[in-house]
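Colleague: I am new to reading protein models and would like to learn how it is done. Could you walk me through this one, feature by feature?

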Amino acid sequence: MEPLLPYVAELNLVDHHCHGVLRDDVDRTGFEELLTEADVVSPWGTSLFDSAVGLAVRRWCAPLLDLAPNAPADEYMARRLSLGASEVNRAFLVASGISVFLVDGGLWPERLSGPSVFTGSREFPVLRLERLAEELVGDGPKAFPDAVRAALERAPAVAAKSIAAYRVGLDLAPERPSDAEVVAACERWAGNGRCADEVLSRFLVWEALERGLPVQFHVGYGDRDVTLHRADPSLLTPLLRATGPLGVPIMLLHNYPFHRTAGYLAQVFPHVFVDVGLATHNAGHQAGRVLAEALEIVPYGKFLFSTDAFALAELYHLGALFFRRALSDFLLSALRRHAFAEADAVRIAHLIGWENARRAYRLD
Amino acid sequence: MEPLLPYVAELNLVDHHCHGVLRDDVDRTGFEELLTEADVVSPWGTSLFDSAVGLAVRRWCAPLLDLAPNAPADEYMARRLSLGASEVNRAFLVASGISVFLVDGGLWPERLSGPSVFTGSREFPVLRLERLAEELVGDGPKAFPDAVRAALERAPAVAAKSIAAYRVGLDLAPERPSDAEVVAACERWAGNGRCADEVLSRFLVWEALERGLPVQFHVGYGDRDVTLHRADPSLLTPLLRATGPLGVPIMLLHNYPFHRTAGYLAQVFPHVFVDVGLATHNAGHQAGRVLAEALEIVPYGKFLFSTDAFALAELYHLGALFFRRALSDFLLSALRRHAFAEADAVRIAHLIGWENARRAYRLD
Amino acid sequence: MEPLLPYVAELNLVDHHCHGVLRDDVDRTGFEELLTEADVVSPWGTSLFDSAVGLAVRRWCAPLLDLAPNAPADEYMARRLSLGASEVNRAFLVASGISVFLVDGGLWPERLSGPSVFTGSREFPVLRLERLAEELVGDGPKAFPDAVRAALERAPAVAAKSIAAYRVGLDLAPERPSDAEVVAACERWAGNGRCADEVLSRFLVWEALERGLPVQFHVGYGDRDVTLHRADPSLLTPLLRATGPLGVPIMLLHNYPFHRTAGYLAQVFPHVFVDVGLATHNAGHQAGRVLAEALEIVPYGKFLFSTDAFALAELYHLGALFFRRALSDFLLSALRRHAFAEADAVRIAHLIGWENARRAYRLD
């Protein structure tokens, strides 16, 4: 394995999409259930340590807990418990070398803390749109449209996030819905259960964009609530055409296995940015191929870094580690092919790791 | 080219999905028509020996018939004929090193024999569901549901196989159909032609699973009867959600070019297993990329080996040869990247080549 | 970087799909707007020189204008202007080493010239079907079917091209429409705006094939008018089944990111050919992976070379350069794996670069 390019090893990173870290300790079953997108450890499979990310924990995380590389899973879990969650969280977050986190805090707020609690790094909130709707629907359908607008106006967030992919799929109509349509949708929903209505997902996105808030879309790979062909970013094309004139960025997250399609969208739509998020630590030692594919046709000014780390501090570390490895391999391969000069490689690394996020989210 | 890892070269293999071997000799046109998924040799193309699998026959099969590597196609065919089918079949089946075959015997039963006829290896039958329906529909629509159940109860098979992908596409509804719906479907069909009815394909799958029979689905790549976007495994998601509680394995076969989507399904659904089957010998010297992609996010306890070899004994040999090569390259690349320890590599090889199939099909 | 295989470096090339070259000079903004499939340079991104193809212009085109490799973009643009369009066009077209061009002249005829104007190479016209319809609809709906047939009879073209993917998507019905249906479609359209009607696209394709004209379909990747999931070549399957008996070639262009799906179609349908066109120069130094994937299961007698170069002469040069590099790497990798003999590699290169196009378009 070749050394990382020094300007990739030392690259400042904005993680433009992650979640919080588990405050409490977790046992082996709980750990495995958080390790991949599987909810449970299958009785038909084997341990989820038998996976790229599971083996990466044993290989790359164990040494940070003063264990030998590739320590057995039980030994790893015992050591993790003996150190305690705070110490473990701090160790992995510091090791990640991530300077700035954009945090979707809408899941498990009672069990997770933002990364900055453990490291003092900069942190910006991202507003989860469907959760906002679920909080506001209780005030009644008629009040809903204005309540959403008011909440978006006063939200301290640097971006909003839509999980339409999970709730209704990405086949959203392009039109901005009228308030009457939104009220009717709320009446149908009546706040029973999750916000899972195409009109409402679309309304939330339009209102956020109208207020200048960049909108992140979950796309592709995720937990079993996703139906993958309904989470193809190409389904967003009509909405991307319609929202372009607003001039506010839209970020397509993860995208796996549609990351090439996402790259196309980022090339042809001026306001679209993409990443490979969650796929990075899940593909582990194979993340380089996924990143390289994602970078085939995307302009380098439109690609972002994220971990989509959730709950386990290991995932921030592995997300950053495999991203740096993949980016370094991509650049090294290009340099060997004389694709561009070293100064270009330095610039591309800086754009992808830092500058594109700073510009798109106006982080200054 | 690097030597195979010894524990991959000597790996015991369960081929969890293949067909029978042609008992009789075949001429060059007949051979080419069986070599790929093309029914005929195109007058617009060239010989189908101008393909990855065709060149692989000349390179890797010729020496087993005492010809030079890369012997010309006509020389190969002449030698094959002079040896005779039995001798050729034995040579390639032994060379494959496959110990256990799960055989879908539902196609061309009059022309094909199971591999064990030529090698004495262990062999287990797989029941072809749509063929079963075609056999039983003659007894009348009303008798059909119970006849299917009785046949499944007494079937000696270790698994059932659905070719819904070919007949109706994989967009199957999740609900278990009632007997009344099944009878109505049989009345519509009346046994005229193939079983190509969404209700019936769904019924057959549910009944097999209810009886504890793992169900294999043809997915993706196949002959020209497949419409590829209707054979996307993601279309099965609602049925996978619904059948999970039965706790019986479902195997997604081939999956190319949706093998990453299949890997996602195997990660998030406890009862789902996947392979790349048919794509292995067709991609030939490029099978390594396909296998590596398929292994990006799939848990290593959920991936299987198969050849999908049909009629030509060469395809068992090439399926096993390119699978071993691809698996060895995957593990070597991971070891060079320090992704895991050698003991882990040995374990992964054993899981994929043998243990996952043994466990999922209860082969003991 | 390894030297090109000599028989790939010197390979005669038929570019079976390209457009004309810009006759006039172009400034930096205009150049960037023609460089990728993006219409405009995004205010949210950076310069489109920050892309694989942009960096490739600086690296591989600058030296042909007597600049240093990786010359800055502004220096490149200044030099390009000082030389003038004719000199620049000639330099890049000669450097491409392409001997024969099949040119879709239907876009910007007033601003573009065929490549042969600058090089004296052989050139054959391709008839753009939707443009033909737009020219003929003015004579009235009733006259339309016969007018199309007459125009196709007398057209000097070696092929026709359908952009149904852009206009209506590729989900075309398989049936040949009747003249009554075509007249009705023309009455609905009335020539207002573009030809964007499923019946008409289908009619045009059938009429071209009936007259023995091979039909090229734009598939997959293109400008923002494409909705990618509606440009999946798999959607053409019913039409491919229906048109097979005509025995006239159909060419699927570009196909990215569905190039594996296209390979499947070329394998199973005798009259289907494929390429990766536009993706070659856009993926730039990464084109090798795209080409290798496209060649996984396609018979080597069914794959073609094209640049899809449009307006900028650089794109012919880069298309040919990255194609040669990708093909050489594919063959070298196969030879290292002993996949076939050197004579086979020579033959595969000749088939793909020259012979398949010559045969399919009857270029003699």
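Colleague: Which residues does A:Ser328 touch, not counting residues up to four places away in sequence?

Modeller: Contact means that heavy atoms lie within 4.5 Å. By that rule A:Ser328 touches A:Pro3, A:Leu4, A:Leu5 and A:Val8. A:Ser328 itself sits in helix H16 of chain A, residues 314–336. Helices (H or I, at least four residues) and strands (E, at least two) are DSSP runs, numbered from the N terminus. Keep in mind that this is a predicted model: local features need pLDDT of at least 70, side-chain atom pairs count only at pLDDT 80 or more, and totals for chains, interfaces and linings use all residues. Residues are numbered from 1 along each chain as its sequence is written, chains are lettered from A and ligands numbered from 1 in the order in which they are written, and side-chain values use heavy atoms, with hydrogens and water left out.

Colleague: Is A:Ser328 buried or exposed?

Modeller: Buried means under 20% relative accessible area, exposed over 50%, and partly exposed in between (1.4 Å probe, protein chains only). A:Ser328 has a relative accessible area of 0%, so A:Ser328 is buried.

Colleague: Where is C:Leu48 found?

Modeller: C:Leu48 is in the loop between helix H2 (28–35) and helix H3 (52–61) of chain C. C:Leu48 counts as buried because its relative accessibility is 4%. Leaving aside neighbours within four places in sequence, the contacts of C:Leu48 include C:Glu32, C:Leu35 and C:Gly54, and also A:Pro299 from chain A.

Colleague: Now the interfaces. How many residues of chain C are in contact with chain B?

Modeller: There are 41 residues of chain C in contact with 40 residues of chain B. Buried area is the accessible area (1.4 Å probe) that two parts lose on being put together, summed over both. For chain C and chain B that is about 3600 Å², with 55% of it on carbon and sulfur atoms. C:Tyr264, C:Glu296 and C:Arg337 supply 19% of the area that chain C buries against chain B, more than any other three residues.

Colleague: What is the count of salt bridges between chain C and chain B?

Modeller: A salt bridge is a side-chain nitrogen of Lys or Arg within 4 Å of a carboxyl oxygen of Asp or Glu. Between chain C and chain B the count is five. In one salt bridge, the side chains of B:Arg58 and C:Asp344 meet at 3.0 Å, N to O. H17(C) gives the largest share of the side of chain C that touches chain B, six residues. By class, that side has 21 nonpolar, eight polar and 12 charged residues. Here Ala, Val, Leu, Ile, Met, Phe, Trp, Tyr, Cys and Pro count as nonpolar, Asp, Glu, Lys and Arg as charged, and the others, Gly among them, as polar.

Colleague: Which residue does C:Glu207 meet in a salt bridge?

Modeller: The partner of C:Glu207 is C:Arg176, at 2.9 Å, N to O. C:Glu207 lies in helix H11 (residues 198–210) and C:Arg176 in the loop between helix H9 (164–167) and helix H10 (179–189) of chain C, so the pair ties together parts 31 residues apart in sequence. C:Glu207 counts as buried, at 1% relative accessibility, and C:Arg176 as partly exposed, at 35%.
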